[in-house]
Amino acid sequence: ATAPDGRLIAITADSVLQLDPAGKVAWRSGLAGDDLNIGGSAAAVHPPAMLPDGRLLIGAPGRDVVMLGRDGQVINRWKTRSPVRGRPLAYLNDTFGTGPRVAWAADEITAGDPDGTPGHVIPLPAPAAAGPLAITEGVDQLLVVATVTGNLAGYMESSRKPAWTTDLRA
């Protein structure tokens with residue numbers, strides 16, 4: 001991934017690297033945790049979400065979400081009960097103020113303030129396969145995920161209620 005400020009961010013199976021334009025590694029940060037997938041290979045499968053201040057939000061191998069500072073240091077690690085298969089999201093939602101918000105989907109959608117404990121939880125009928133994406137709906141955001149059962153579903157963030165579900169026949 002390329003950051004807006006020109007940084008190049010590369011993700012391997014167990015770490016994140018920042019490289020300069022000449023390919024020199026500026027820093028490397030490990031992502032592996034205590035609970036990797038048993039019997040399978042652990043891998044981050046998506047580019048990081050980037051917050052306006054340069055912090056990175058990454059679904060860690062196996063499960064969990066990690067926030068890294070611009071220097072590659074782990075700022076926070078949030079536990080998930082199942083793998084985060086989609087790319088975490090950095091976005092704005094006027095309903096909750098003017099600051100950035102973050103969200104990710106595993107067996108539920110978790111959203112909130114990246115400087116606190118993102119504890120705004122939206123239950124899913126099945127684990128997420130992809131997402132979330134945010135679609136502006138007035139001053140609120142509609143968080144959309146695809147589930148492992150082949151459904152695409154939109155949830156209003158503020159009410160945590162489903163707005164719609166579509167069977168993708170997938």
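Predicted model: local features only at pLDDT ≥ 70, side-chain atom pairs only at ≥ 80, totals over all residues.

I looked up the strand order and found an open sheet of four strands, E4-E5-E6-E7, with antiparallel pairing. At its edges I noted strand E4 (49–50) and strand E7 (74–78), each of which pairs on one side only.

**Entry two, the pairs inside it.** Strand E5 (residues 56–59) and strand E6 (residues 65–68) are joined antiparallel over four bridges, and here I found Leu-56 standing opposite Leu-68 in E6. E6 is also joined to E7 by four bridges, again antiparallel, with Val-66 opposite Arg-77 in E7. Between E6 and E7 I counted the five residues of a hairpin, and in that turn Gly-72 has a positive phi of about 85°.

Which residues have the most contacts inside the largest nonpolar core? I found that this core has 13 residues, and that Tyr-91, Ile-109, Leu-124, Leu-143, Val-145 and Tyr-155 have the most contacts inside it. Strands E8 (89–92), E9 (100–105), E10 (108–112), E13 (140–147) and E14 (151–156) each give two or more residues to this core. Apart from it I noted another core, of ten residues, among them Ala-49, Leu-51, Leu-57 and Met-67.

**Entry four, one residue followed up.** Leaving out residues up to four places away in sequence, I listed what Val-145 touches, including Ala-105, Ile-109, Leu-124, Pro-132 and Tyr-155.

Notes: Residues numbered from 1 in each chain as written. Heavy atoms only, no water. Pairing = 2+ DSSP bridges. Core = buried A, V, L, I, M, F, W, Y, C linked by side-chain atoms within 4.5 Å. Buried < 20%, exposed > 50% of the residue type's maximum accessible area, 1.4 Å probe, protein only. Contact = heavy atoms within 4.5 Å.
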